[in-house]
Amino acid sequence: MANDFKSFSKANIAIDSGTYSTVYTVPYTAADVESILLEVDVANTHSADVTVDVKVNKNSGGTGGTDDIFIVKSAPVPVGGALKVVSGQKIVMMSTSTGADTLTVACSVASAADCIASVLEDV
């Protein structure tokens, strides 16, 4: 497999009321796929401070089930600011025939933040 650097984004992320915006889903082909989450940034586009949640939904079955793992929860993002949620460390995400991991984001105010993720696919 070829290693591919890719960028995924989501504008106007959902409000944290149980609904999260999906920024990235690990693709599944005929074989298991691994991706490495290299960086995740969330920008506040609102006129007041907001908080954000970012999590990885482990749906690949590799950990024995479906777990939602928070990377950050209720992290503050000031007006005009941004939060580097993942920077420097690497997070492995997978897809198998039983499901695919996803990166999801929510904000304390609807449509008040944007998110971008850099991913290395097909590792």
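Is Asp-53 buried or exposed? Asp-53 is buried, at a relative accessible area of 2%, where buried stands for under 20% relative accessible area, exposed for over 50%, and partly exposed for the range in between (1.4 Å probe, protein chains only).

## Basis of the model

This is a predicted model in which local features need pLDDT of at least 70 and side-chain atom pairs count only at pLDDT 80 or more, while totals for chains, interfaces and linings use all residues. Residues are numbered from 1 along each chain as its sequence is written, and side-chain values use heavy atoms, with hydrogens and water left out.

## Strands and sheet

Helices (H or I, at least four residues) and strands (E, at least two) are DSSP runs, numbered from the N terminus. An open sheet is formed by four strands in the order E2-E8-E4-E5, with antiparallel pairing; two strands pair if DSSP finds at least two bridges between them. E2 and E5 stand at the edges with a single partner strand each, so one side of each has no neighbour in the sheet. On average, neighbouring strands of this sheet are turned by 20° against each other, direction ignored. For such angles, axes are lines fitted to C-alpha atoms, for helices over the stretch in contact, and angles run from 0 to 180 degrees between N-to-C directions.

Within this sheet, E2 and E8 run antiparallel and are joined by four bridges. Thr-22 has Thr-104 in E8 as its bridge partner. Strand E9 (113-121) takes part in other pairings. Strand E1 (residues 4-10) pairs with E9 in the antiparallel sense over seven bridges, and Lys-6 stands opposite Val-119 in E9. E3 and E9 also run antiparallel, joined by eight bridges; here Glu-39 has Ser-118 in E9 as its bridge partner.

## Salt bridges

The structure holds six salt bridges, a salt bridge being a side-chain nitrogen of Lys or Arg within 4 Å of a carboxyl oxygen of Asp or Glu. One of them joins Lys-84 to Glu-39, with the closest N and O atoms 2.6 Å apart. This pair links distant parts of the chain, 45 residues apart: Lys-84 is in strand E6 (residues 82-96) and Glu-39 in strand E3 (residues 33-44). Lys-84 is exposed, with a relative accessible area of 53%, whereas Glu-39 is partly exposed at 24%.

Asp-53 forms a salt bridge with Lys-73, the closest N and O atoms being 3.7 Å apart. Asp-53 lies in strand E4 (residues 50-58) and Lys-73 in strand E5 (residues 67-77), so the pair ties together parts that are 20 residues apart in sequence. Another salt bridge is that of Lys-58 with Asp-101, where the closest N and O atoms are 2.7 Å apart. Lys-58 is in strand E4 and Asp-101 in the loop between strand E7 (99-100) and strand E8 (102-107), 43 residues apart. Both Lys-58 and Asp-101 are buried. Salt bridges that share partners join Glu-39, Asp-41 and Lys-84 into one network.

## Nonpolar core

A nonpolar core is a set of buried Ala, Val, Leu, Ile, Met, Phe, Trp, Tyr and Cys residues joined through side-chain atoms within 4.5 Å. The largest nonpolar core has 27 residues, of which Leu-37, Val-40, Val-42, Val-54, Val-85 and Leu-103 touch the most other members. E2, E3, E4, E5, E6, E8 and E9 each supply at least two residues of this core.

Leaving out residues up to four places away in sequence, Val-54 touches several residues, including Val-40, Val-42, Ile-71, Val-85 and Leu-103; contact means heavy atoms within 4.5 Å. Val-105, in strand E8, counts as buried at 0% relative accessibility. Val-105 and Ala-14 are 91 residues apart in sequence and 7.4 Å apart in space, C-alpha to C-alpha.

## Asn-44

Asn-44 is in strand E3 and counts as buried at 6% relative accessibility. The side chain of Asn-44 reaches the backbone nitrogen of His-46 at 2.7 Å, and a polar atom of that side chain lies 3.0 Å from the backbone oxygen of Val-77. Apart from neighbours within four places in sequence, Asn-44 is in contact with Asp-49, Val-50, Val-77, Pro-78, Val-79, Gly-80, Gly-81 and Ala-112.

Note on methods: A polar contact is a pair of N or O atoms within 3.5 Å; within protein, one must be able to donate a hydrogen and the other to accept it, and residues adjacent in sequence count only if both atoms are side-chain atoms.
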